[in-house]
Amino acid sequence: MLDVGRHPNIELLAYSEVEKVDGQAGDFRVTVRRKARYVEEDKCTGCGACKEKCPTIVPDAFNEWLGERKAIYSWFAQGIPSTHTIDPAHCRQLNGKKCGVCKKGCKADAINFDQKERIVELNVAAIIVATGYDVFAPSRIPEYQYGKIANVVTAIEFERLLSASGPTGGHLDRPSDRAIEAEIEELEKKANRSQKVIAKFEEQHGEASGEFYARYEKGEYSGDEERGKWAEKYQEHLAIVEPLKALKKKAGGFTAAKRLAFIQCVGSRDFRFYPFCSGYCCMHSIKEAIIAHEHGSETTSAIFGMDIRAVGKGFEEYKVRGGNNSNIRYVRGRVAEITEGPNNNPVVIYEDTRERKVKDEEFDLVILATACAPNSGVKQLADLLDIEIDNFGFYKTSATQPLDTTRPGIFVCGCAHGPMDIPESVAQASSAAARAVQTVTASEQMRKAS
Amino acid sequence: MSRDILVIGGGIAGIQSSLDLAEMGFKVHLIERLPSIGGKMAQLDKTFPTNDCAI
Ligand SMILES: Cc1cc2nc3c(=O)[nH]c(=O)nc-3n(C[C@H](O)[C@H](O)[C@H](O)COP(=O)(O)OP(=O)(O)OC[C@H]3O[C@@H](n4cnc5c(N)ncnc54)[C@H](O)[C@@H]3O)c2cc1C
Ligand code: SF4
Ligand code: SF4
């Protein structure tokens with residue numbers, strides 16, 4: 001990735017989108033819209049001093065919304081370019097409030113609230129479309145209750161939970177536990193505030209609130225307006241502290257997720273959604289189960305699937321090794337439903353097709369292996385480029401020219417073409433590069449000949 | 001008239017196409033809609049089948 005930022009032959013236009021395409025193979029004219037970052041790319045050093053003091057906290061999309069970032073941010077720590085960006089939807093200054101804290105913190109004078117989006121015109125001979133895919137939205141399958149049961153997550157969310165640079169620092173903390181911990185933090189802030197309020201009364205009257213309140217309850221101070229206020233504030237304090245105590249007790253018992261269930265083919269091989277096999281998900285579930293076991297040797301995983309498709313060199317061995325060394329159990333059967341049991345534990349209801357029995361089993365965390373869905377912007381870009389999309393929603397190619405779109409000079413590779421893993425994406429990318437070069441040389445020869 | 005090539009999307013596929021072309025001596029314009037390149041691969045903890053770090 002670093003090489004892309006450094007290579008003299010690559011002009012990197014990040015935070016940009018194609019607006020218009022004219023011309024034909026050998027001579028396309030492309031209009032690109034460079035969105036305003038409100039940070040000057042040539043000045044920003046990526047130091048991150050700006051975000052330290054920014055008061056605006058927003059959910060972090062890079063971490064699948066499981067973590068937080070500031071309104072001025074870098075997409076992720078090692079991102080290229082490292083130029084920071086102000087999120088115009090949340091920044092105070094850009095929404096008419098007084099702030100500008102980031103600008104004060106920036107020694108490079110890179111922040112520019114008046115920056116406007118820019119239009120760039122390019123003249124290119126060929127175009128490669130590598131716009132990738134979207135993770136299937138599992139809420140479309142109501143019986144899995146994603147979004148309703150906190151401890152049902154997607155595989156990409158689980159990648160972020162496993163990551164040392166992710167929102168949990170690589171600990172497999174369950175979302176339900178994290179929600180309670182966040183609630184505790186909120187309540188502690190409130191308790192501190194109300195503690196200060198009642199402390200003032202205690203000082204004034206030289207008495208602890210508890211003792212005072214016991215007598216107040218007996219009606220000792222009826223008609224005393226001042227003490228009535230004290231009692232009211234003390235009641236409010238109790239209404240914060242008591243649930244806080246209960247939550248803290250509960251949180252004391254929290255442990256990392258140890259019993260994991262992976263559900264395969266969520267949206268894939270499902271005629272309601274995508275009939276195709278997404279190819280990489282069996283492998284990434286095995287991978288995630290192996291890594292989870294590396295995090296905690298007592299971790300066990302059950303992978304529920306119609307079959308495990310470990311197609312590729314070394315993949316079957318990987319699967320077997322996972323079973324032998326990483327406490328992975330492969331269960332043949334499609335999951336019918338996920339419900340919630342005690343302690344926020346998801347319960348998986350499935351048919352074990354080997355034993356021909358319908359069973360249910362409780363887990364700490366359920367991970368959904370979601371389908372490789374066409375990128376949500378596919379139609380829009382297809383219209384701009386005047387290329388066709390296929391029945392599945394990916395860019396259309398033919399069996400004999402698998403990298404050529406329906407318009408000469410425009411090629412496609414990676415998951416924009418269909419589901420595939422990283423090695424396949426890389427192989428296609430190199431092939432698409434070769435096809436693009438052929439377009440350049442062919443159009444040059446044509447020009448020379450005419 | 002130009003020999004330049006446009007790559008749309010800066011995930012692993014777009015990055016690889018760009019690097020190959022750049023190494024062959026072609027000028028590449030790489031467009032990414034997000035603030036940084038990397039795509040989904042940047043979000044992965046490690047990758048099968050080698051369990052190498054993704055970034
Ligand atoms: C949970 C999970 C785990 C995985 N684990 C592995 C693994 O261990 N090993 C493995 O080999 N594979 C794994 N994969 C598969 C892997 O993610 C894909 O093979 C790979 O990321 C495909 O790369 P890509 O460049 O085609 O697409 P993407 O990574 O999706 O990149 C596309 C890029 O294009 C950008 N873009 C989109 N539209 C536009 C537009 N209109 N204009 C400009 N830019 C645009 C996007 O922002 C993005 O940066 C996993 C997938 C998932 C879901
Ligand atoms: S905007 Fe300024 S403070 Fe922020 S990362 Fe860039 S150089 Fe550093
Ligand atoms: S102006 Fe304020 S809210 Fe906006 S990015 Fe800067 S510090 Fe954050």
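How many residue pairs are in polar contact between chain B and chain A? The count is 32, with both residues of each pair at pLDDT 80 or more. Keep in mind that this is a predicted model.

Let me stay with that interface. On the chain B side, the elements that give two or more residues are β1 (5-8), α1 (12-23), β2 (28-32) and β3 (46-47). Which of them gives the most? It is α1(B), with twelve residues. By type, the side of chain B that touches chain A splits into 25 nonpolar residues, 13 polar and ten charged.

Now the totals. Chain A puts 79 residues into the contact, and chain B puts in 48. The size of an interface is often quoted as the accessible area lost when the parts come together. Here the area buried between chain B and chain A is about 5500 Å². Carbon and sulfur atoms give 64% of that.

Charged pairs next. Between chain B and chain A there are two salt bridges. B:Lys46 makes a salt bridge with A:Glu294. The closest N and O atoms in that pair are 3.9 Å apart. The cut-off is 4 Å, so the pair counts.

The two chains also share strand pairing. Strand β9 of chain A, residues 126-129, pairs with β1(B). The sense is parallel, over four bridges. Look at A:Val129: its bridge partner in β1(B) is B:Ile8.

On to the ligands, starting with ligand 1. Which residues come nearest to ligand 1? There are 36 around ligand 1, and the nearest are A:Tyr133, A:Lys287, A:Met420, A:Ile422 and B:Glu32. Residues from chains A and B surround ligand 1, so the site is shared between chains.

A polar side-chain atom of B:Glu32 lies 2.6 Å from an oxygen atom of ligand 1. From chain A, a polar backbone atom of A:Ile422 is 2.8 Å from an oxygen atom of the ligand. For A:Cys415, again a polar backbone atom, the distance to an oxygen atom of ligand 1 is 2.9 Å.

Ligand 2 has 13 residues around it. A:Cys44, A:Cys47, A:Gly48, A:Cys50 and A:Cys106 come nearest. The shell divides into nine nonpolar residues, four polar and no charged.

Then ligand 3. The residues surrounding ligand 3 include A:Cys54, A:Cys91, A:Cys99 and A:Cys102. Also in the list are A:Arg92, A:Gln93 and A:Phe113, among others. This shell has eight nonpolar residues, three polar and one charged.

Back to salt bridges, now over all chains. The whole structure holds 34. One of them joins A:Glu17 and A:Lys35, with the closest N and O atoms 3.1 Å apart. A:Glu17 sits in strand β2 (residues 16-24) of chain A, and A:Lys35 in the loop between β3 (27-34) and α2 (49-53), so the pair ties together parts that are 18 residues apart in sequence.

That loop between β3 and α2 of chain A also holds A:Tyr38. A:Tyr38 is not a glycine, yet its phi is positive, about 65°.

Last, the cis peptide bonds. In chain A, a cis bond joins A:Ile80 and A:Pro81, with omega about -10°. A:Pro81 lies in the loop between β6 (72-73) and β7 (85-86). In chain B, a cis bond joins B:Phe48 and B:Pro49, with omega about -5°. B:Pro49 is in the loop between β3 and β4 (52-53) of chain B.

How values were computed. Residues are numbered from 1 along each chain as its sequence is written. Chains are lettered from A and ligands numbered from 1 in the order in which they are written. This is a predicted model: local features need pLDDT of at least 70, side-chain atom pairs count only at pLDDT 80 or more; totals for chains, interfaces and linings use all residues. Side-chain values use heavy atoms; hydrogens and water are left out. Contact means heavy atoms within 4.5 Å. Buried area is the accessible area (1.4 Å probe) that two parts lose on being put together, summed over both. A salt bridge is a side-chain nitrogen of Lys or Arg within 4 Å of a carboxyl oxygen of Asp or Glu. A polar contact is a pair of N or O atoms within 3.5 Å; within protein, one must be able to donate a hydrogen and the other to accept it, and residues adjacent in sequence count only if both atoms are side-chain atoms. Ala, Val, Leu, Ile, Met, Phe, Trp, Tyr, Cys and Pro count as nonpolar, Asp, Glu, Lys and Arg as charged, and the others, Gly among them, as polar. Two strands pair if DSSP finds at least two bridges between them. A residue is near a molecule or strand if one of its heavy atoms lies within 4 Å of it.
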